[in-house]
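Please look over the sequence and the model below before reading on.

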Amino acid sequence: MPVDVEGDRDYVGARLEPLRRTAYLLCGDWHTADDLVSTALVKLLRHWPRVSVMDNPDAYVRRTLLRVWLDERRRPWRREAAWAEVPDHPVAAVATEGAADRLTILALLAELPPRRRAVLVLRYFCDLSVEETARELGCTAGTVKSQSARAIEALRGRLVDVPTRIEEVRTDG
């Protein structure tokens with residue numbers, strides 16, 4: 001069965017930039033995002049006859065992109081980090097305006113575990129419902145809710161210096 005390359009090309013042309021932005025939000029690096037999108041689009045082309053007749057091909061591509069990203073994170077060389085200089089102490093995230101806010105959020109997203117980060121990207125960037133996110137990730141709606149709540153709490157805790165224990169509240173006040 002010949003592949004409808006023109007149909008695939010039209011589909012990809014209309015959705016390339018949103019796919020790149022989604023991949024960037026997942027991985028935090030434009031070069032890696034381009035690699036992820038390329039890999040996902042090769043998989044899309046391979047299965048285009050089946051995908052083109054689906055009710056929601058965007059869901060298939062999004063899920064493929066997500067799985068490609070998770071597979072890439074599992075590779076051993078992705079766990080290594082090179083530093084020119086070892087920092088003396090961790091840099092505290094300070095919320096400022098505009099681009100600095102976006103950079104702060106992206107840095108905080110990068111600190112989240114992959115599943116929590118994926119939940120936030122799918123729920124709040126891709127604007128999927130809890131049920132749609134659960135289907136994309138292959139988990140229950142309750143897992144999506146708990147993962148998003150924990151991820152938001154982690155982000156909030158890093159953005160604002162919030163006491164995490166009751167003793168800290170008592171000694172401060």
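Two residues are said here to be in contact, or to touch, when they have heavy atoms within 4.5 Å of each other. Residues are numbered from 1 along each chain as its sequence is written, and side-chain values use heavy atoms, with hydrogens and water left out. Because this is a predicted model, local features need pLDDT of at least 70 and side-chain atom pairs count only at pLDDT 80 or more, while totals for chains, interfaces and linings use all residues.

The confidence of the prediction deserves attention at the start, pLDDT being the predictor's confidence in each residue, from 0 to 100. The mean pLDDT of the protein is 81, and 79% of its residues reach 70 or more. Helices and strands are taken as DSSP runs (H or I of at least four residues for helices, E of at least two for strands) and are numbered from the N terminus. Among these elements, helix H2 (residues 30-46) has the highest mean pLDDT, 92, whereas helix H9 (residues 166-172) has the lowest, 46. Over residues 162-173 the pLDDT stays under 50, and the model has two contacts beyond four places in sequence for this stretch. Where pLDDT is low, the predicted coordinates should not be read in detail.

As for the fold, the protein has nine helices and zero strands. Contacts between residues 24 or more positions apart make up 63% of those with a separation of 6 or more. A residue is called buried when its relative accessible area is under 20%, exposed when it is over 50%, and partly exposed in between (1.4 Å probe, protein chains only). By that rule, 33% of the 173 residues count as buried. The protein exposes about 11,600 Å², of which carbon and sulfur atoms supply 54%; such areas come from the Shrake-Rupley method with a 1.4 Å probe, and for residues only the protein chains shown count as cover.

What lies in the interior? A nonpolar core is a set of buried Ala, Val, Leu, Ile, Met, Phe, Trp, Tyr and Cys residues joined through side-chain atoms within 4.5 Å. The largest such core has 40 residues, of which Leu36, Leu44, Leu65, Leu66, Trp69 and Leu137 touch the most other members. Two or more residues come from each of H1, H2, helix H3 (48-51), H4, helix H5 (99-111), helix H6 (114-125), helix H7 (130-137) and helix H8 (141-159), and the largest share, eight residues, comes from H1. In soluble globular proteins, nonpolar side chains tend to be buried together.

H4 has 18 residues and reaches 26 Å from its first C-alpha to its last, close to the 26 Å expected at 1.5 Å a residue, where the expected span is 1.5 Å times one less than the number of residues. Its buried residues, among them Tyr60, Arg62, Leu65 and Trp69, pack against H1, H2, H3, H6 and H7. Leaving aside neighbours within four places in sequence, Trp69 is in contact with Leu26, Cys27, Leu36, Pro114, Arg117 and Ala118. Arg62 counts as buried because its relative accessible area is 16%, and, not counting residues up to four places away in sequence, Arg62 touches Leu122, Cys126, Leu128 and Glu136.

Helix H8 holds Leu155, which is buried with a relative accessible area of 12%. Not counting residues up to four places away in sequence, Leu155 touches Leu108, Leu109, Leu112 and Leu120.

Charged pairs complete the picture. Side chains of opposite charge can pair when their charged atoms come close, and a salt bridge is counted here when a side-chain nitrogen of Lys or Arg is within 4 Å of a carboxyl oxygen of Asp or Glu. The count comes to seven salt bridges. One of them joins the side chains of Arg15 and Asp58 at 2.7 Å, N to O; Arg15 lies in helix H1 (residues 5-27) and Asp58 in helix H4 (residues 57-74), so the pair ties together parts that are 43 residues apart in sequence. Arg15 is partly exposed at 30% relative accessibility, and Asp58 is partly exposed at 27%.

Within H1, Glu17 and Arg20 lie three residues apart, about one turn of the helix, and their side chains meet in a salt bridge of 3.4 Å, N to O. Arg20 also forms a salt bridge with Asp34, with the closest N and O atoms 2.6 Å apart. This second pair links distant parts of the chain, Arg20 in helix H1 and Asp34 in helix H2, 14 residues apart. Through shared partners, these salt bridges join Glu17, Arg20 and Asp34 into one network.
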